[in-house]
Structure formats: C-alpha cells, structure tokens
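Take a slow walk through this protein chain. Keep the sequence and the 3D view side by side, and find each residue as it comes up.

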Amino acid sequence: MKTNTKEWIQYGSAIAMILSGIVLGFLSFFLNDDHDIADGVLWYIAQALIYAGGIFGVSIYFKTKLGEFESKAREELKDYIDRKEAADEHQ
C-alpha cells in the first residue's frame, strides 16, 4: 500500500470519526425533549476526538522527526564528503 493511500485512509477515518461525533451529539441534543446529551453519546464524542487527535498528532510528530533526521543525515553526509575531498587534495 502506498504511503499516500495510507495517509488518506488515516485522515479520512479521523475526519469521519469527528463528523460522526458531531452528528451524534446534535441528534442526541435536538431529538431529546430535555435537550440533554446522554452519557454514552458524550463518551463516544470523547473517544472520537481522542482517536482523531491520535491520528493527527502521531502523523505530525513522525513527519517532524523524519524531517529532522533527514536534514541531519544530509548535513553529516555533506560534511563527510567535504572532509574526504579536503583530505584527498592534501595528499
């Protein structure tokens, strides 16, 4: 599976969870005569937000760390090549 497809599935499921929590919350509030949201609905909304936060947070964290690693690796490789070329010129 491609990385891009995997990310779209993750983001799509996170957005679907947020939207389903919002819809369920509105339905529970407006279809109830007391305009009260049930405990189970609040629990579901909380779980949907935790899931979506986990998906977005983990994804952003790993992209940031991967970018840092890539830039550091390029810098180290460039320094190594520069030192190697300088050493070859002195011989």
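Begin with F29. Its relative accessibility is 30%, so F29 counts as partly exposed. The model is a predicted one, and every value here is computed from it. Now move to F30. At 52% relative accessibility, F30 counts as exposed, because exposed means over 50%. F29 and F30 also form an aromatic pair. For F29 and F30, the centres are 5.0 Å apart. The angle between their planes is 85 degrees. That makes the pair edge-to-face, because planes over 60 degrees apart count as edge-to-face.

Y61 and F62 form an aromatic pair that is edge-to-face. Here the distance is 5.6 Å centre to centre, with 70 degrees between the planes. Y61 is partly exposed, at 48% relative accessibility. F62 is exposed, at 52%. The count of aromatic pairs comes to four.

Go back to F29 and F30. Which aromatic cluster do they belong to? F26, F29 and F30 form one aromatic cluster. Together with I15, L19 and I22, they make a nonpolar surface patch of about 520 Å². Look at L19 within that patch. L19 is found in helix 1. L19 is partly exposed, with a relative accessible area of 48%.

Helix 1 covers residues 3-30. S28 lies in this helix. Is S28 buried or exposed? With a relative accessible area of 15%, S28 is buried, because buried means under 20%. What does S28 touch, apart from its neighbours within four places in sequence? S28 is in contact with D36, I37, A38 and V41. One of these, A38, also has its backbone nitrogen 3.5 Å from a polar atom of the S28 side chain.

Q10 is found in helix 1 too. Q10 is partly exposed, at 26% relative accessibility. Now step along the chain from Q10 to G25, which is 15 residues away. How far apart are their C-alpha atoms? The C-alpha atoms of Q10 and G25 are separated by 23 Å.

Helix 2 covers residues 39-90. A46 has its place there. At 34% relative accessibility, A46 counts as partly exposed. Compare its position with that of R83. A46 and R83 are 37 residues apart in sequence. In space, they are 55 Å apart, C-alpha to C-alpha.

Next come the charged side chains. How many salt bridges are there? The count comes to four. One of them joins K63 and E7, at 3.8 Å from N to O. Where do these two residues sit? K63 is in helix 2, and E7 is in helix 1. They are 56 residues apart, so the pair links distant parts of the chain. K63 is partly exposed, with 45% relative accessibility. E7 is partly exposed as well, with a relative accessible area of 21%.

Another salt bridge brings together the side chains of E68 and K65. The distance from N to O is 3.6 Å. Why are these two separated by about one helical turn? It is because E68 and K65 are three residues apart in helix 2. E68 is partly exposed, with a relative accessible area of 43%. K65 is also partly exposed, at 38%.

R74 and E70 form a salt bridge too, at 2.8 Å from N to O. They are four residues apart in helix 2, so about one helical turn separates them. How accessible is each partner? R74 counts as exposed, at 58% relative accessibility. E70 counts as partly exposed, at 39%.

Start in helix 1 at S28, the buried residue. Pass to the aromatic cluster of F26, F29 and F30. End with R74 and E70, whose side chains meet in a salt bridge.

How values were computed. Residues numbered from 1 in each chain as written. Predicted model: local features only at pLDDT ≥ 70, side-chain atom pairs only at ≥ 80, totals over all residues. Heavy atoms only, no water. Buried < 20%, exposed > 50% of the residue type's maximum accessible area, 1.4 Å probe, protein only. Polar contact = N/O pair within 3.5 Å; in protein donor to acceptor, adjacent residues only side chain to side chain. Contact = heavy atoms within 4.5 Å. Phe/Tyr/Trp six-rings, centres within 6.5 Å; stacked < 30°, edge-to-face > 60°. Patch = residues over 30% accessible without salt bridge, like charges linked within 9 Å, V, L, I, M, F, W, Y side chains within 5 Å. Areas by Shrake-Rupley, 256 points an atom, 1.4 Å probe, with all protein chains shown as cover.
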